[in-house]
Structures are given as C-alpha cells and as structure tokens.
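Please give me a guided tour of this structure that I can follow in a viewer. Tell me what to select at each stop and what is there.

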Amino acid sequence: MIIELIKKHKFKIFNILLAIFFLALPYILFKGKYYIGGDDTRLEYIFPWEYFKYTSFPVWQHFSALGSFRTTQFLVPFLLIWSLFDIILNSKLILGYLAFSLPMLLGFFTFRLMLKEFLRDDNNKYFIEIIIGALIFIFSPIIAINQIFLFLSTIWLMPLIPFLTYCFFKYIRTENKIYIAYAVIVATIFSLGLFSIPWVLGYIIPLFLGMIIFTLFVKNDNKIKFIKKSIQYIIPVSLSQIFWAFPLLMTSVGNQSSNFVSSSVFSKSAADTFTPVVNATAVGNIFYPLINLFHRQITFDFDWQLRFLFKNFYDKTLLINFIYLLILFIGFYYFKKNLNKDRQKIFLFLITSFVISLYLNTVNIGPLRDLFISLGGIPGVVMFRNFYDKFAMGYVMIFASVLTFCLVVIKNKLKSYKIILILLLIVIGVNAIKLGDIINAPLWTTQSTGRNINIPTEYLNFMKDVEKKVSPSNYIFSVPFGTGLYTVIKDTDSNSVYMGTSPVILFTGVNDFSGWYSFQLYSIVSNTINKYIIDRNYIDLRKILYSYNINYIILTKNIPPQVKKSWVYEDKLLKTQDQEFIENLTNRKLAESKNGNYVLYEMKDKNKLINGQGVEYQKINDIKFKIYIKNLKGKMDLSFNEPFHGGWKLFLQKDTNKDWCVSMVNAVTNECKSVHKFIEGDEIGYFFDKSVGVNSHNIYNKFANKWTIDSTEIKQNFSSKYFKLNSDGSIDLEMVLYFVPQSYFYSASIVSIFVFITAIIFIIYKFYKHEKKK
Amino acid sequence: MKRKNKIPKVRNKIFIPVLLVIFWIIFSLIFIKTINYSLLTYEDYFRKLTVPSLDRIHVGEKIKGEFMAKENNLAILLIKFYDAKSKNPNPNHILNFRIKEKKSNKWFYEHGYNIGQIEGTLMYPFGFNSIPNSKGKTYEFEIDSNTSDNDNYVSLKANATVISGYYFSKAELLHNPSILINFIEKKIIFSVISINFILRSLIFLMPLILFIFWKILTSKIAKERQVMALVTFIAIAIDILIIRENILGVVISICIAWIISIYILKIGSKISLLIGLFFVLLGFTSMILLPDLNIFKINQWSYFFLVVFAMQILFEEKYDLSKFSTPKEFIKAIFGKND
C-alpha cells in the first residue's frame with residue numbers, strides 16, 4: 001500500500017525531499033549564525049523594514065557614505081514582502097536562512113520548468129534528466145564561487161532568469177497571455193535580481209547572438225511571428241520594472257550620479273580600466289568551464305582563498321569531472337539520430353549560444369582576446385570588464401541546458417546510460433560537498449577569520465543608545481576609518497566578524513562615514529582626511545569633518561588583529577587612530593557599550609545640516625525637510641550641508657505656521673525633533689510646483705547647497721498666503737526642502753503598479769474562466 | 001584563337017599571383033612596425049651565453065654573454081627572455097644590464113630596468129649610445145636581478161635569442177651611398193627575411209593564400225584537395241610547437257584552410273567535433289603532464305574546432321554536405337586511394 005502510494009506520488013515526494021534539503025542547508029552550513037557582510041551587507045534579509053525605510057525608499061541615499069542620487073528602488077517589492085515574512089516568522093535567523101535557501105530552492109524548480117519547456121517534456125519522460133540538469137546548475141562549482149559565495153542580489157537571478165525564459169518560450173509556443181502575466185508578477189517581486197543588468201545581459205547576449213546565427217541557418221517561416229510575440233512579452237515585463245529603471249535612467253542623465261550601473265557603464269574611469277582589467281584577468285582557458293569548474297588561473301593570480309580548494313580538492317578530483325566532457329561530446333556526436341526534429345532545433349540553438357557563452361566567459365582565446373578588448377570601445381561594454389564574473393551564471397545556465405539535452409541523447413542512444421547518470425550524480429555530489437568550504441572561506445587576506453556571526457546584543461544595545469542621543473540630521477565618523485566603507489562587528493563567542501558596509505544607518509537612522517569610499521564622489525576629500533589622520537593634523541581634520549556636518553565619533557575597540565592586518569585597513573592610517581586622535585577631536589564621551597567595545601563621542605566642533613539666520617528645521621526623511629524662517633528682512637543665505645544637486649528645491653507652504661515643530665532636539669540647536677514619514681501626500685505636486693531661489697541655488701563650501709532667500713522677491717512673486725507679514729515689515733516663511741527626483745520613482749511606480757495589478761486581475765480572470773469551464 | 005585562349009592562363013597563373021606577391025611585400029614593408037628603417041639587426045647565433053639557473057635569474061647570479069659586433073654603430077641589444085613576471089609591480093624590482101668591450105676594464109654602459117617593464121615583452125631592447133667603431137670587436141654583457149621570488153622574476157634560457165642592433169642615422173645613409181647600399185642589402189637579408197617578419201606579414205599574404213585556395217578548390221586533381229586537410233594539421237602543429245606568439249595571419253590562414261578542406265572534402269561536423277575533443281584532451285594532458293606545451297594555442301584550436309562544429313551542424317541542418325562524416329571515411333579520404 002505504502003509502496004504503491006510512493007510510486008504514485010514519487011515526483012511530489014522527491015520535490016518535497018529536495019525542498020527540505022535546501023531549507024536545511026543553511027542550518028548545516030552556518031550553525032546558527034548569520035550569513036552577513038560584504039558590499040551588499042545581506043542585512044536586508046534580516047532587517048528588511050529598516051533597509052526599506054532608510055536605504056531603499058528614498059532616491060537620495062546615504063549608506064555609510066555621502067548622500068547621492070542613487071537608485072535602489074528595485075529592492076522595494078522584495079523588501080515589503082520580506083517585511084511581511086519577518087512579522088509572520090518572527091525570527092531573524094529563520095528569515096535570514098530562508099533568504100539563503102530560497103534562491104537555490106526556487107532556482108532548482110524554475111530551472112526544471114525551463115528545461116521541461118526546452119525539451120517539450122509534457123509526459124515527464126525525461127524527468128530524471130531534467131532533475132540532473134537542474135542539479136548541475138544549482139551545484140555547479142562556478143555558481144558556488146560566482147554567486148552563492150558572494151550572495152549579492154544577483155543570486156535572485158538564479159530562479160528569475162529560468163522562470164522568465166520558461167514563460168517566454170511557453171508564451172511563444174502556446175500564445176497564452178497568462179505566461180506574460182506570470183512573468184510580470186515574478187519579475188516585479190524579484191526586481192532586485194533584474195537590476196543586476198550586466199549579469200542578465202551575460203545570459204541574454206549569448207542567447208540572442210545564438211538566436212540570430214540559428215535563424216540564419218535554420219529554415220523557419222515564423223520569424224516575423226516570433227519577433228512580434230517577443231515584443232508582446234518584453235513590453236509588459238519591461239514596464240513592470242519601470243519603477244526603478246526610470247529613476248536609474250535619470251541618475252545617469254543628471255549630475256553626481258553614483259549608482260552602480262550608470263557609473264560602471266558610462267563613467268570614464270570604468271572605461272579606462274577595461275583593457276587593464278581584461279588583460280589581467282583573461283588568463284583562463286576553455287578547459288575548466290567545459291568540466292564545470294571555475295577558471296583556475298584567476299584564483300592563483302589574485303590569491304583567492306579558492307586557490308587552496310583547487311590545490312587540495314579540484315586538482316585531485318579533476319579526472320572525475322571529465323564526465324561532463326564525455327556527456328557533452330556523446331550528446332554532440334549522436335544528437336541527430338536521437339532527438340526529434342523540434343528538440344534538434346532547440347539543441348542547435350543552445351549549442352550555438354553555448355559556444356558564444358564559452359568565449360565570453362573565457363575571453364583568452366587567441367586573437368579573440370584582442371577582439372574582446374577592442375569591443376571595450378563600444379559604450380556600455382565596459383560593464384563586462386569582469387567577464388569571468390558577469391558571463392559566468394549565464395554560461396552555467398546554458399551549459400546545464402546543453403548537458404540535459406546530451407543526457408536525453410544518451411538515454412535514447414546508449415543502453416548503459418544509467419551508469420553514466422549514476423556517475424554524473426556522484427560527481428555532482430562530490431563537488432557539492434565542497435560548497436561549504438567555498439561559502440565559509442575565511443575573510444579575504446586573513447588566515448582564519450570567519451564571516452558568520454550573531455550580531456552581539458552589546459552592539460545592538462549600543463546602537464539604541466546612539467539612536468537616542470544623535471538626531472538623524474547629524475553624521476558620524478566611524479573609527480577606525482578604513483580603506484573601503486566597511487565596518488567590523490566582532491562575534492561574541494568567536495573570532496568571526498561581520499565585515500561589510502557599515503550598518504549604523506539601519507539601526508539608528510543616522511548616517512556614518514566609515515572609510516575612503518564614504519566620500520567616493522569627492523575622493524580628494526578622502527585623500528585629505530587620510531593625510532590629516534596620518535600627519536596627526538587635528539586642526540585641519542576637525543575643520544574638514546565640521547564642514548561635512550560630522551558631529552560624532554563611534555569608536556570600535558574589539559577588532560581582531562588578523563582583520564586589522566587585512567585589506568580593509570591601511571597600516572599607517574590605523575596606527576594614528578589612537579587615544580591621542582580621539583582626545584584631539586572629541587569633546588566628551590556620550591555613551592559606551594556594556595563591555596566597552598563601542599564608544600560614542602561628541603566632536604569638539606558641531607555643525608548643523610541646515611544653516612541660516614532665524615532658521616528652524618525638521619527632518620521628515622532623507623529627501624524631505626521642513627524649514628521655518630523667522631523675521632526675514634531683505635536677503636538671507638540658507639545653506640544645506642548635503643552634496644549639491646539641482647534636484648534639491650525649496651517650496652513655500654501656504655498658511656505659514658510651525659505646528660510641526662513640537663519640540664527641539666536640544667536647547668542649543670535650531671532643529672526640531674524628527675518624525676520619520678515616508679510620504680505626506682504632497683510629494684508628487686512638487687514636480688510641478690514653483691520653487692524659491694532657483695537662480696541663487698549654488699555650490700557652497702565646495703560640495704554643499706546654498707540659496708539666497710529674498711523677502712522682496714517672495715512678496716512680489718507669491719500671494720500673501722505663502723508668507724506671514726510681521727508688524728516690522730519682515731516675513732515668516734514655512735518651506736519644504738525636497739529632492740524632486742524622488743517624483744521619478746513615484747510617477748514610474750504608478751505605471752509598474754498598474755501593470756502588476758492588471759497581471760493579477762488577468763490571472764484571476766483566467767483562473768475563474770478555467771474553473772467555470774470545468 | 002590560340003593566343004586568345006592563353007590570355008586567361010597567363011592572367012591566372014602569372015599576373016594575379018605576381019600582383020598579390022607585390023601587394024604582400026609592399027604592405028608588409030609599410031605596415032609592419034617591427035621594421036626600423038634606421039636600424040640593422042643581426043641575430044647572433046655564435047654568441048656565448050652563460051645562464052647559471054634555468055628557472056629564473058636568482059639574486060646574486062649573473063647572466064654573462066659575449067658576441068662579436070657585425071657592424072659599426074652598435075646601439076642596441078635585444079634579448080629574448082623566457083619569462084618575466086611582475087605580479088606586485090614595484091619600482092625597486094630592478095634588472096641590471098651592463099655592456100663593455102671585452103678587453104676593456106670599465107663597463108661602457110650600465111642601467112637598471114624595472115622588471116614590470118619586461119613582463120609581457122618578447123624581445124626586450126637594451127639601448128645605449130651607439131659605438132661608432134664597433135665592427136669586428138667582441139663585446140661582453142651582464143644581466144642580474146635584485147628580485148627573485150615566485151611572483152616577481154625574470155628567466156632566460158641558455159639558447160635565448162640575442163640580437164645586436166646597429167643604428168644608422170638618415171644623414172649618414174643619405175650622404176654615403178656605399179653605406180646606404182650596404183645597409184639596404186643587409187636590411188633585406190637579415191631583417192626582412194626573418195621568421196618573425198614573415199609570420200607577421202602573413203596577414204598581407206591573405207589575398208595570395210585565398211587565391212591559391214581558390215585554385216585548389218576549383219582544381220580537378222583530387223590529390224591537391226586532400227593535401228589541404230593534411231597541411232592544416234601540420235600548420236596547427238607548427239603553430240602550437242614553434243610559434244609562441246599569437247599571429248593573426250597564421251590563425252586566419254589555418255582557419256580558412258580548414259574551412260575550405262571541409263568544403264572540398266565534404267568533411268562532416270562529427271570530424272570537427274572529434275578534432276575539437278582531441279585538442280581539449282591534449283589541453284588537459286598538457287596542463288597535467290606536459291607544461292612546456294603551449295596551452296593557450298591548444299586552447300585556441302580547441303575552441304576553433306568547437307565553433308566550426310557548431311557552424312557545421314547549423315549548415316548541415318540547411319544543406320546536406322556531409323560525405324566523410326565518420327572518422328574512418330575521413331582518414332580514408334586523406335590517406336586512401338584517390339578517386
């Protein structure tokens with residue numbers, strides 16, 4: 001009875017077992033610690049709401065750096081859903097581990113869907129081959145190094161790309177628009193993956209070129225129909241992404257853009273590095289990717305920890321990986337007689353794309369290397385200077401698809417195919433065992449410092465103190481000031497550390513400056529700060545920190561020695577950030593953590609975010625401030641200590657009053673206590689409203705904003721509703737200082753939300769219709 | 001009537017090939033940058049070279065060499081290093097070069113070169129003030145390095161190429177016809193007709209190669225056709241074993257030769273696939289067992305045959321071209337009896 005039941009539901013049981021395996025994986029790998037750190041911090045998976053609130057919603061952003069016009073709105077749908085998960089699960093650890101499992105789990109299932117569609121396997125005839133194909137993809141050592149080890153937002157492309165490919169081909173074949181609707185919904189939820197444009201292109205380019213070459217040779221009368229249907233699919237999916245794509249486009253057009261894509265695609269510095277980077281990294285060959293391994297030589301040339309894995313493991317098990325080569329060549333050799341015509345065509349298309357992808361992922365192929373370098377002159381190609389990274393995921397996806405077809409060929413051709421399948425499963429398993437070693441590799445340039453921690457209660461409580469004592473319009477200088485924009489948080493019961501972008505803003509709402517890259521748009525400032533620290537020139541250092549509104553210092557005392565010697569800190573710079581340094585910069589100690597590992601100091605010289613005579617202000621969020629000016633007579637200067645951008649505008653408010661300023665931060669400052677609000681309802685209107693002092697908006701103090709507010713001009717150009725006339729002829733003004741490009745996000749979101757809701761309604765309608773038919 | 005028939009033969013067999021040869025020579029002389037029109041260079045086959053360690057020049061060791069100057073105005077010594085690595089570029093990593101006349105006690109020229117400059121160069125030029133009456137005199141040179149670790153080093157083989165260069169100013173050449181004639185004669189003999197020059201000039205030989213291929217293609221003699229495939233493999237072997245540089249002309253010529261072989265012999269995609277597989281396996285073998293083999297050339301040809309295979313299967317989808325689709329048929333076609 002049980003055996004019959006198992007036989008009947010064997011596919012479902014298999015799927016459940018695999019799902020359990022993927023969900024259990026982080027518990028085995030990380031043993032109860034968080035997998036956090038790096039450029040992306042991965043804290044969004046544990047603190048989604050905080051991430052949404054401070055770094056993802058506003059287009060003017062700080063994340064341990066000077067404010068800049070950046071686009072991270074691609075995170076918004078995911079963070080909102082993840083925040084909901086946070087409430088439901090009520091456990092940060094489970095939430096974090098789920099985030100680790102989900103890309104692999106979903107990737108495994110969506111990749112199977114894609115393969116099933118490629119093979120048109122409606123009867124599950126090739127169920128096992130498809131499963132193995134998906135396992136090759138998920139457990140590929142290339143994916144482990146390129147995606148799972150780094151765990152950047154590109155990881156979400158693992159489920160997203162196969163799913164969108166599946167929907168695309170399914171729609172082309174069936175013309176059922178429900179697949180467009182599915183694609184729109186999934187693309188919206190996982191838009192954080194689609195933002196990784198170079199990686200997406202790393203998959204699309206080989207397929208697109210393969211498709212062009214394929215159509216040149218293969219007779220097909222439906223080319224126009226195919227193009228038409230492709231456009232029908234691409235337009236709604238693209239519109240679903242417009243909410244982040246439009247602001248992103250505007251950051252590239254406007255000044256001081258610092259988003260990743262625009263800076264890596266268009267900036268001169270990126271273009272200048274293309275040839276040297278390609279020359280330095282194009283050292284591999286096609287042999288390793290052909291056996292599903294990462295380019296060995298790069299790991300040695302750049303002293304990656306992975307080189308030890310090559311020496312101790314991959315070099316020794318090299319021969320077993322030849323099974324991939326064997327399957328590939330048997331499949332290529334016998335496919336004509338062992339695949340039906342439809343499958344043959346798809347296989348031909350995949351082989352063409354595979355060969356292109358192999359080149360793009362290797363580059364170092366005779367004269368083709370020079371060809372790739374010369375392509376660097378084409379605008380945008382510069383984003384592929386790390387070709388071994390950008391094309392890797394796309395390569396593995398195409399490689400695994402091709403191998404699946406080869407397995408089908410072998411199944412149809414060879415009687416002993418089961419032996420090959422078993423051997424292949426063993427090889428996948430053997431390589432998968434090392435997944436843990438790759439993911440848990442020690443911190444780069446350290447010998448044994450782990451990267452998985454539990455965020456210490458001491459640190460979290462200290463952050464609460466900081467939040468209470470520092471208003472969000474101030475900035476903090478994190479000491480030791482490093483070479484990146486990283487901070488180090490040491491685990492309580494081990495020497496492991498969180499080393500990643502400083503998360504102070506997530507826990508306190510206050511931005512900090514933690515290293516050289518904190519001033520990336522003004523590198524000269526970083527260099528000057530470094531010089532002053534090394535030279536112990538405290539007078540000039542205080543001046544420069546004052547000008548950037550840095551009014552507090554956080555000192556971290558428990559950084560492990562191995563980390564101090566790592567690439568994050570420059571030895572000379574670290575040595576001079578000692579007690580003498582603290583004494584010369586700070587006035588008093590404001591707070592200290594329980595064990596004394598974290599200390600908050602107040603700077604000797606304190607600046608304000610908004611300065612002007614008779615000015616009081618309140619921070620609403622990073623892109624909106626309320627300002628009240630008392631007794632303005634004639635002209636006055638208003639300065640705003642955020643980096644200059646034309647998008648910052650002042651808008652006069654009707655019925656001037658100061659009801660919003662309930663209490664001051666303290667008696668000395670002119671700052672009203674901040675009340676964080678995402679949106680107050682008047683924001684989109686500012687896109688069309690007339691602003692004040694446009695012509696006088698200038699750069700102040702080499703980086704900040706300054707306006708001249710002229711009472712006469714206001715009296716002449718605005719109705720009396722916009723100011724309060726005092727008996728002495730002076731006026732009181734209520735203004736909103738707003739970053740107008742935020743409206744790009746709002747207006748584009750309307751389009752994306754409309755497309756998203758339409759897709760949901762369409763699915764419900766189809767479902768209802770289908771049920772009715774039944 | 002007979003005269004009329006001869007014209008196309010003359011055009012095909014003499015005029016066009018001669019024209020293409022002229023094109024090759026002229027364009028090679030104009031565009032190949034390795035030719036310096038003020039410099040005469042001689043590869044010194046009879047020089048003495050003492051290399052203490054073959055793996056690299058260790059700190060404290062000295063490479064000693066000796067050669068006889070062939071001309072006056074000795075001004076440069078080009079030395080082919082086997083390998084130079086500068087993983088952590090540092091201005092303090094220095095390779096010292098010094099030269100003097102053998103009987104002199106004092107070094108004529110001595111200079112330190114950054115190792116980073118040497119990395120990636122095939123022939124490093126050590127230049128110095130020209131020595132007017134150098135002809136027939138024996139010169140000694142020494143090379144040593146202050147850096148020799150796994151990441152930063154220079155290595156030289158005992159059979160390294162050493163080329164001496166002699167500088168002639170334009171004024172000297174124009175005012176002394178005898179020197180000019182001597183210069184042109186030597187330039188042609190020793191410089192132009194060098195392997196390096198010929199290989200580089202192959203790109204300009206392409207029209208002639210294509211013309212010859214075309215003639216073979218349209219030829220009715222089966223033997224000539226079969227030779228094409230064989231020549232291709234020999235050329236690939238030479239490229240892997242002998243030519244260390246990537247020379248576009250060589251690569252394109254071989255690629256075209258194979259593609260034409262496929263066309264005229266009707267070689268099936270499976271043959272290209274198997275040759276590709278052979279090169280892939282050779283690549284792994286050379287990585288594990290034969291590190292001296294040029295892995296990047298093997299890599300290049302592996303990929304080339306994979307691409308050809310991919311193109312062929314697409315082509316075969318549209319046209320039925322395969323005649324020799326199995327290895328047996330293919331080998332028979334090349335080595336077997338002619339049709």
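Helices (H or I, at least four residues) and strands (E, at least two) are DSSP runs, numbered from the N terminus. This is a predicted model, in which local features need pLDDT of at least 70 and side-chain atom pairs count only at pLDDT 80 or more, while totals for chains, interfaces and linings use all residues. Residues are numbered from 1 along each chain as its sequence is written, chains are lettered from A and ligands numbered from 1 in the order in which they are written, and side-chain values use heavy atoms, with hydrogens and water left out.

Next, show both chains. Contact, meaning heavy atoms within 4.5 Å, involves 40 residues from chain A and 35 residues from chain B. The buried area between them (accessible area, 1.4 Å probe, that two parts lose on being put together, summed over both) is about 3,300 Å², and carbon and sulfur atoms give 77% of that. Select A:Phe217, A:Phe287 and A:Tyr333: these supply 25% of the area that chain A buries against chain B, more than any other three residues.

Now pick B:Glu317 and A:Lys341, whose side chains meet in a salt bridge at 3.8 Å, N to O. A salt bridge here is a side-chain nitrogen of Lys or Arg within 4 Å of a carboxyl oxygen of Asp or Glu, and the count between chain A and chain B is two. Helices of chain A that each supply at least two residues to the side touching chain B include H11 (197–217), H19 (322–338) and H20 (341–362). The largest share, ten residues, comes from H20(A).

For a sheet, select S12, S15, S19 and S18 of chain A, four strands that form an open sheet in the order S12-S15-S19-S18 with antiparallel pairing. Strands S12 (610–611) and S18 (698–700) stand at the edges with a single partner strand each, so one side of each is left without a neighbour in the sheet. Two strands pair if DSSP finds at least two bridges between them; S18(A) and S19 (residues 704–710) of chain A have three. Zoom in on A:Ile699, which stands opposite A:Asn705 in S19(A).

Two backbone details remain. Most residues other than glycine have a negative phi, and most peptide bonds are trans. A cis peptide bond, with omega about 5°, joins A:Val479 and A:Pro480; A:Pro480 lies in strand S5 (residues 475–482) of chain A. Finally, select A:Thr41, which has a positive phi of about 60° although it is not a glycine. A:Thr41 is found in the loop between strand S1 (34–35) and helix H3 (48–56) of chain A.
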